[in-house]
Amino acid sequence: MTLTHTETPAYTVATPTVRRPSPGRARRSLVKALRRLPVWILVAVLMVVVLYPQVWMVLGSFKTQSEFLSNPALSLPETWNFDNYVTALTNGNVARNWLNSVLVTIPSVLLIVFIGVAAGYALEVMIWKGRNGVLLYILAGIMVPGQMILVPLFITYFRIGITDTLWPLIITYTVMGLPLTTFLMATYFRSVPREIFEAATVDGSGPLRSFFVIGIPMMKNAILTIGLVQFFSVWNDLLIALTFTTRPDLATIQVGLLSLSDEYGSTQYGPLFAAVSINIVVLLILFLTLNKKIMAGMSGGALKG
Amino acid sequence: MNSIFGDRKTIFILLAPALVLYTLLKVVPVGWSLGLSFFEGNSLRGFEWVGLQNFATFFTDPNALQSMWVSVFFAIVATIGQVALGYGLALLYVFVLRKGSTLVRTFVFFPTVLPTVAVALLFRSFVAVGDNQGPVNDIINFFGGQSVEVLASTVGTMTTAIVMTLWSSMGFYAVLLYAGLLDIPEEVIESARLDGANGLKLVRHIVVPLSLPILLSSIIFSLNATLKVFDSLLALNGGGPGTSTAPMTLYMYRTAFEYAEYGYGSTIAVLLTALCLVFTLAIFRSSRRKAEA
């Protein structure tokens with residue numbers, strides 16, 4: 001519907017020239033603006049739908065409980081107090097949860113990326129029999145749901161006695177992230193002209209040295225993109241964190257939030273909203289600075305996977 | 001030259017970590033789970049071989065069948081919604097907003113990176129009743145209606161879960177499909193316009209057929225993601241009321257880790273994996289048939 005309205009004016013834009021400002025011009029641009037109106041209404045509605053819930057929650061995190069009861073849904077808090085944040089951080093264990101999330105996410109993402117880049121190089125730049133088979137073998141892992149490996153891993157981690165640490169999470173995330181990362185890195189290396197690596201060998205650099213000196217620096221962009229995608233999937237995960245969290249003080253922020261919501265959910269919004277806001281502030285900062293890479297990386301990963 | 005790039009030591013050093021981790025912690029567990037699905041018990045109590053008993057139980061267990069239905073229903077409805085909304089937005093970006101779409105694209109994408117738990121808690125508060133009434137009921141009250149306890153019913157919970165999933169994922173599918181639409185050569189659209197195709201006609205006869213491959217990939221990706229739905233239904237309402245909105249993933253989790261039924265839990269995991277495979281293959285086959293026709 002909106003399409004038919006707008007196609008025509010977009011093409012007339014090119015035709016009027018600046019030669020002589022005619023009296024009809026002002027009217028024509030008014031007509032153009034009016035024709036554009038449905039589009040602007042549509043975009044405005046879209047923006048409200050997307051932004052309103054988020055703004056509502058962030059504003060809520062600064063409100064007192066009585067403000068929640070008395071004030072209409074979209075109002076600024078009377079004072080910007082941080083009491084809810086203090087409550088969430090002290091009573092709710094949120095600080096510990098947040099720290100756990102950081103302690104799990106950073107090593108996992110570093111391991112995924114580093115091991116994945118190395119494997120991608122070995123499978124694409126190095127030439128050997130059977131490398132395509134190995135790539136397919138690793139690729140098959142993308143299809144497998146997490147549930148399929150949880151029970152055996154749980155038994156194993158319990159047997160070797162690491163369930164009291166964050167290691168089960170780090171190890172499991174690394175394994176879950178590897179297939180896609182390896183596959184994507186292999187495709188990125190494929191797009192690099194072989195001559196670059198060959199030239200390096202002529203200069204006397206061995207293939208292992210070339211990996212560190214040429215391979216990694218050249219893949220900086222790809223590494224950042226994949227790292228971001230993996231960061232979000234590890235930070236946001238609930239299933240694995242829930243399964244391998246044996247003690248409350250090992251809980252990541254998502255698990256902590258889930259139990260916090262049982263505690264505060266129906267009685268007090270403030271602390272819960274504050275905890276959610278703490279949870280997403282890192283993501284917001286990352287997204288604001290690197291949104292192009294994130295969007296390209298996530299959609300690229302989906303298509304190839 | 002080739003002998004240098006065929007250096008076994010280098011290949012081993014670079015590939016071994018990935019291959020060992022992947023094999024030990026993914027491939028072996030998959031086989032292990034497959035094996036466990038023929039046993040009953042857990043590692044404390046010990047395991048007992050029961051053959052196909054677990055699979056037979058699954059298809060007579062009302063909770064299991066319900067969880068499968070929840071997963072399948074959620075996957076189909078959410079996939080249709082996600083891809084349709086995403087496609088609509090992508091068309092908006094490409095043909096209406098054109099160069100000016102960057103900002104809108106970025107804003108609409110943002111909820112994708114939010115943790116599902118956070119989104120679920122947000123929507124739970126959004127539809128809440130009682131002391132902490134959310135905006136949804138405020139609006140209902142404003143128009144003179146009685147407050148509705150949305151999460152007290154299965155239909156209400158499911159609707160909220162689907163709306164929430166669409167809200168947080170439409171921007172992602174929009175960007176995915178947007179990239180596909182950009183790949184359609186400008187000349188093709190141009191010449192179709194000259195031939196008199198416009199608006200919906202242009203979309204139906206030119207744009208949709210040309211973007212069919214990417215639509216198909218999106219559908220497969222979306223089905224595989226939504227069949228594994230876990231966080232949203234758990235965080236929204238704990239799979240409730242009762243267990244009426246508990247998907248297979250949650251039923252598997254509870255069976256294995258709350259009731260310590262490792263064998264039966266593995267059976268559910270195996271069937272979930274099979275379900276994902278069946279759906280993917282079904283889409284592939286139907287698309288191939290369409291291409292041949």
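The model is predicted, so local features need pLDDT of at least 70 and side-chain atom pairs count only at pLDDT 80 or more, while totals for chains, interfaces and linings use all residues. Residues are numbered from 1 along each chain as its sequence is written, and chains are lettered from A.

Helices (H or I, at least four residues) and strands (E, at least two) are DSSP runs numbered from the N terminus. In chain A, helices H8 and H11 pack at an angle of about 155°, with their axes 11 Å apart; H8(A) is therefore roughly antiparallel to H11(A), a term for angles over 145 degrees. Axes are lines fitted to C-alpha atoms, for helices over the stretch in contact, and angles run from 0 to 180 degrees between N-to-C directions.

| Helix | Residues | Among those in contact |
|---|---|---|
| H8(A) | 167-190 | A:Tyr173, A:Gly177, A:Leu184 |
| H11(A) | 220-236 | A:Ala222, A:Ile226, A:Gln230 |

By class, this contact of H8(A) with H11(A) has seven nonpolar, four polar and no charged residues, where Ala, Val, Leu, Ile, Met, Phe, Trp, Tyr, Cys and Pro count as nonpolar, Asp, Glu, Lys and Arg as charged, and the others, Gly among them, as polar.

Chain B holds 14 helices and two strands.

Terms used
Parallel < 35°, antiparallel > 145°, perpendicular 65-115°, else oblique. Contact = placed C-beta atoms within 7 Å.
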